[in-house]
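Student: Hi! Could you walk me through this protein?
Tutor: Happy to, let's look at it together.

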Amino acid sequence: MTPPAALFDTVAPITTIKGKVVAPDVTKTTLTGGESQTKLLDQFGGKWDEFKFAPIRESQVSRAMTRRYFQDLDKYAETDILIVGAGSCGLSTAYVLAKARPDLKIAIVEASVSPGGGAWLGGQLFSAMVMRRPANIFLEELGVPYETDPENPNYVVVKHASLFTSTLLSKVLSFPNVKLFNATSVEDLITRPAASGNPKETRIAGAVTNWTLVTLHHDDHSCMDPNTINAPVIISTTGHDGPFGAFCAKRLVSMNSVDKLGGMRGLDMNSAEDAIVKNTREVAKGLIIGGMELSEIDGFNRMGPTFGAMVLSGVKAAEEALSIFDERQRECAE
């Protein structure tokens with residue numbers, strides 16, 4: 001079953017107004033289908049004494065939930081594009097890909113229960129988010145309101161980072177060709193050796209997955225073998241080094257496909273954001289790396305609490321994926 005579409009049909013064009021929120025005018029926007037904006041109150045208000053849910057048996061819930069999940073697990077065991085990490089970069093990648101190619105199956109694997117990565121807050125637990133231009137174009141695409149100041153025209157401010165992330169997430173998951181497997185970790189990469197035997201020419205052909213709670217307890221429980229997802233193109237956007245961060249980058253080193261990591265350098269917003277976007281690319285055959293994970297490969301600076309590079313690295317990753325997809329798909333079929 002496809003998730004529900006966005007609540008509002010249209011978004012008013014965004015204009016620059018100093019000192020005010022640059023936002024769509026929803027006061028005159030009707031709900032989808034012309035429904036009253038007080039429909040829920042009309043339906044339920046003042047009727048709580050006789051309110052009652054439809055009856056159900058507990059086993060029906062269990063069967064409906066597991067049946068739906070395992071249908072998706074079966075369907076996406078062979079997927080077209082696999083995105084590792086559902087932070088701002090991974091979700092932006094998924095949005096562009098799903099919109100550009102509705103014929104492709106796109107699976108997203110996210111280690112956390114809650115997708116969105118670090119984009120629920122802007123920095124140091126502050127709720128506002130800053131994006132440098134021209135990343136505001138992505139906000140306009142989504143219909144996310146932002147604030148501008150003509151005296152400081154190089155950036156925009158989203159009042160609630162969570163508004164950006166929740167809007168992006170809802171749009172991505174509304175695409176019928178996208179499936180998110182959250183609370184799921186990537187434990188390894190599926191590989192295919194090159195005819196030359198050179199490990200640097202190894203092709204990445206998918207990912208080895210497990211539930212995150214299992215991954216976290218390999219050291220204190222007996223063997224718990226994983227699952228797999230095959231895909232001709234994998235896009236890794238797991239962020240900089242951390243418990244689950246930069247996993248694919250680190251795995252490339254341990255299997256000798258990359259000599260060593262460059263290691264993320266100190267904070268420099270001006271150099272970092274440009275470098276991340278421009279260098280988002282296929283690092284190993286079949287594996288594209290974007291976002292802050294790329295800083296670990298190339299030794300770029302970190303950019304701190306500014307998010308434009310994350311979304312535009314996602315756009316670049318999507319473009320790279322589409323440019324190599326047909327060739328990698330043919331190789332996987334051989």
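Student: What makes up the nonpolar surface patch of about 620 Å²?
Tutor: L40, F44, W48, F51 and F53 make that patch. Patches are made of residues with over 30% relative accessible area and no salt bridge, with like charges joined within 9 Å and nonpolar side chains (Val, Leu, Ile, Met, Phe, Trp, Tyr) within 5 Å. Areas come from the Shrake-Rupley method with a 1.4 Å probe, and for residues only the protein chains shown count as cover.

Student: Is this an experiment or a prediction, and how do I read the numbers?
Tutor: This is a predicted model, where local features need pLDDT of at least 70 and side-chain atom pairs count only at pLDDT 80 or more, while totals for chains, interfaces and linings use all residues. Residues are numbered from 1 along each chain as its sequence is written, and side-chain values use heavy atoms, leaving out hydrogens and water.

Student: Back to F44, where is F44 placed?
Tutor: F44 sits in helix 1 (residues 39-44). Helices (H or I, at least four residues) and strands (E, at least two) are DSSP runs, numbered from the N terminus. F44 is partly exposed, at a relative accessible area of 34%; buried means under 20%, exposed over 50%, and partly exposed in between (1.4 Å probe, protein chains only).

Student: And how many helices and strands in the protein?
Tutor: The protein has 10 helices and 15 strands. Of its 334 residues, 41% are buried.

Student: What about helix 10?
Tutor: Helix 10 (residues 308-333) has 26 residues and reaches 37 Å from first C-alpha to last, close to the 38 Å expected at 1.5 Å a residue. That expected span is 1.5 Å times one less than the number of residues. Helix 10 also has a kink of about 50°, centred on F325; the bend at a residue is the angle between axes fitted to the seven residues ending there and the seven starting there.

Student: New topic: how many salt bridges does the structure hold?
Tutor: The structure holds 11, each being a side-chain nitrogen of Lys or Arg within 4 Å of a carboxyl oxygen of Asp or Glu. One of them joins D72 and K179 (3.4 Å, N to O). D72 lies in helix 2 (residues 58-75) and K179 in strand 7 (residues 178-182), so the pair ties together parts 107 residues apart in sequence.

Student: Are D72 and K179 buried or exposed?
Tutor: Both D72 and K179 are buried.
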